[in-house]
Structures are given as structure tokens and as C-alpha cells.
Amino acid sequence: MAIADGRIDSASRVIKASRRAIYVAFLSAEALIAWRRPVTMTGKIYSFDSRVGGDYRMSLTYTEPDHSALGKTAEHEDVFRGRFVELIADARIVELIDFETDDPAFGGTMRMTTTLSEVPEGTEVAITCENVPEGIGQADHLDGLAGALSNLAAFVEP
């Protein structure tokens with residue numbers, strides 16, 4: 001599926017864990033909700049089917065009433081659907097993400113590609129997001145990606 005041209009944001013981090021442990025953390029609903037959500041939000045997964053062609057629906061809700069960024073779906077909430085379009089065991093995960101919103105600034109499909117590469121210190125996890133909706137501030141998105149990688153490291157590292 002082709003994705004329209006748009007902004008590309010990316011982040012990477014070396015995590016002291018195997019590619020297998022990290023890959024598995026993407027394909028379990030319990031694991032995904034534990035590490036993907038920002039520390040300032042709670043999360044809920046409504047459905048989860050971790051196979052090529054499978055999808056999931058997830059919400060993130062701000063825990064504090066005073067937060068700098070407004071939610072994409074409602075003032076305090078982001079709801080989105082992800083679809084798994086490519087899964088290469090222990091190496092690559094490609095998801096298509098659509099936010100549930102009436103705001104055209106958050107419309108469109110974002111493609112998120114995660115690549116897992118073995119390095120001497122563990123695994124380099126690189127995330128590239130293509131066609132990032134214009135309503136998502138780039139600095140906020142880069143902070144969010146870095147935070148997710150930090151959470152992932154805390155989740156999988158011994």
C-alpha cells in the first residue's frame with residue numbers, strides 16, 4: 001500500500017536485549033500497552049490481532065488535566081487503529097496507523113517501520129514514521145518516539 005508524501009520522523013536506540021525479546025514486545029497486547037504509552041498517559045487496547053493483515057485499536061488518555069498537547073480524538077484522548085502490513089520475525093515490523101478524529105490535521109495514514117539490527121551491545125531499534133499528520137508537532141513526536149524507546153528498553157532489558 002503506497003503512502004502519500006509527507007513528513008518523516010525517526011528515532012533509534014540501542015537496547016540491551018535480544019532482537020527476539022524486542023520483537024515479541026511488539027506483538028503482545030499486554031506488552032505493547034505497557035511500553036508504547038507515554039508516562040503521562042494511560043492506555044487501553046480494545047482489540048489486537050498480531051499477524052500480517054491483523055489490526056489493533058488502542059486509546060491513550062492523559063492522566064493530568066493540564067497537558068500541553070491536545071488529544072487527537074478528544075481533548076484528553078488519542079484513539080487510533082494500527083494494521084500490521086509486514087512482520088519479519090526478529091527483524092522488521094511495519095504498521096499503518098490511523099487516528100480516529102474529525103480534525104483533518106490528524107488525518108491520513110502514517111506508516112511506522114521498526115527495524116531491529118543486532119549490534120555488539122544488544123539490538124539497535126530504529127523507528128521511522130512516514131506521512132506524519134501535520135497536526136502532530138515534530139518536536140512532540142520526536143520526544144514521544146524517544147520516550148517509547150526508553151519505555152521499551154525498561155520493559156525488555158534484564
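Me: Quick one to start. Arg92: buried, exposed or partly exposed?
Reply: Partly exposed. Arg92 has a relative accessible area of 28%, and this is a predicted model.

Me: Why is 28% not called exposed?
Reply: Exposed means over 50%, and buried means under 20%. Arg92, at 28%, falls in between, so it counts as partly exposed.

Me: Which side chain does Arg92 meet in a salt bridge?
Reply: That of Glu86. The N to O distance is 3.1 Å.

Me: And what is the relative accessible area of Glu86?
Reply: 23%. Glu86 is partly exposed, and Arg92 is partly exposed as well.

Me: How many salt bridges turn up in the whole structure?
Reply: Nine. One of them pairs Glu95 with Arg36, and their closest N and O atoms are 3.0 Å apart.

Me: Which elements do Glu95 and Arg36 sit in?
Reply: Glu95 is in strand E5, residues 92-99. Arg36 is in helix H2, residues 29-36.

Me: Glu95 and Arg36: buried or exposed?
Reply: Buried, both of them.

Me: Change of topic. How many aromatic pairs does a search of the whole structure find?
Reply: Six. Among them is Phe48 with Phe84, whose ring centres are 6.0 Å apart.

Me: Why is the Phe48 and Phe84 pair classed as edge-to-face?
Reply: Planes over 60 degrees apart count as edge-to-face. The planes of Phe48 and Phe84 are at 80°, so the pair qualifies.

Me: Where do those two sit, and how many residues apart are they?
Reply: Phe48 is in strand E2, residues 41-48. Phe84 is in strand E4, residues 77-88. They are 36 residues apart, and the pair links distant parts of the chain.

Me: What geometry do Tyr56 and Phe80 have?
Reply: Their ring centres are 6.4 Å apart. The planes are at 80°, so this pair is edge-to-face. Tyr56 lies in strand E3, residues 55-62, and Phe80 in strand E4. They are 24 residues apart. Tyr56 and Phe80 are both buried.

Me: Which residues do ring pairs link into a cluster?
Reply: Phe48, Tyr56, Phe80, Phe84 and Phe99.

Me: What lies over the face of Tyr46?
Reply: Arg57. It is 4.8 Å from the ring centre.

Me: Now Leu32. Which element is it in?
Reply: Helix H2. Leu32 is buried, at 1% relative accessibility.

Me: Which residues does Leu32 touch, leaving out those up to four places away in sequence?
Reply: Ala25, Phe26, Arg37, Ile45, Phe48, Tyr56 and Met58. Phe48 and Tyr56 also belong to the aromatic cluster.

Me: How far is the C-alpha of Leu32 from that of Gly43?
Reply: 9.6 Å. The two residues are 11 apart along the chain.

Me: Over to Asn131. Which strand is it in?
Reply: E7, residues 122-132. Asn131 is buried, with a relative accessible area of 14%.

Me: Which backbone oxygen lies 2.7 Å from a polar atom of the Asn131 side chain?
Reply: That of Thr109.

Me: Zooming out. How many helices and strands are there?
Reply: Three helices and seven strands. From the N terminus the order is β-α-α-β-β-β-β-β-β-α.

Me: How does the radius of gyration sit against the globule rule?
Reply: The chain comes to 15 Å, close to the 15 Å the rule gives for 158 residues. So it is as compact as a globular protein of that length. Along the principal axes, the C-alpha atoms fill a box of roughly 45 × 35 × 30 Å.

Me: What share of residues is buried?
Reply: 41% of the 158.

Me: Last one. Of the contacts between residues at least 6 apart in sequence, what share joins residues at least 24 apart?
Reply: 51%.

Technical notes
Residues are numbered from 1 along each chain as its sequence is written. This is a predicted model: local features need pLDDT of at least 70, side-chain atom pairs count only at pLDDT 80 or more; totals for chains, interfaces and linings use all residues. Side-chain values use heavy atoms; hydrogens and water are left out. Helices (H or I, at least four residues) and strands (E, at least two) are DSSP runs, numbered from the N terminus. Buried means under 20% relative accessible area, exposed over 50%, partly exposed in between (1.4 Å probe, protein chains only). A polar contact is a pair of N or O atoms within 3.5 Å; within protein, one must be able to donate a hydrogen and the other to accept it, and residues adjacent in sequence count only if both atoms are side-chain atoms. Rings of Phe, Tyr and Trp (its six-membered ring) pair if their centres lie within 6.5 Å; planes under 30 degrees apart count as stacked, over 60 as edge-to-face and the rest as tilted. A charge sits over a ring if NZ of Lys or CZ of Arg is within 6 Å of the ring centre and within 35 degrees of the ring normal. A salt bridge is a side-chain nitrogen of Lys or Arg within 4 Å of a carboxyl oxygen of Asp or Glu. The radius of gyration is taken over C-alpha atoms; the globule rule is 2.2 Å times the number of residues to the power 0.38. Contact means heavy atoms within 4.5 Å.
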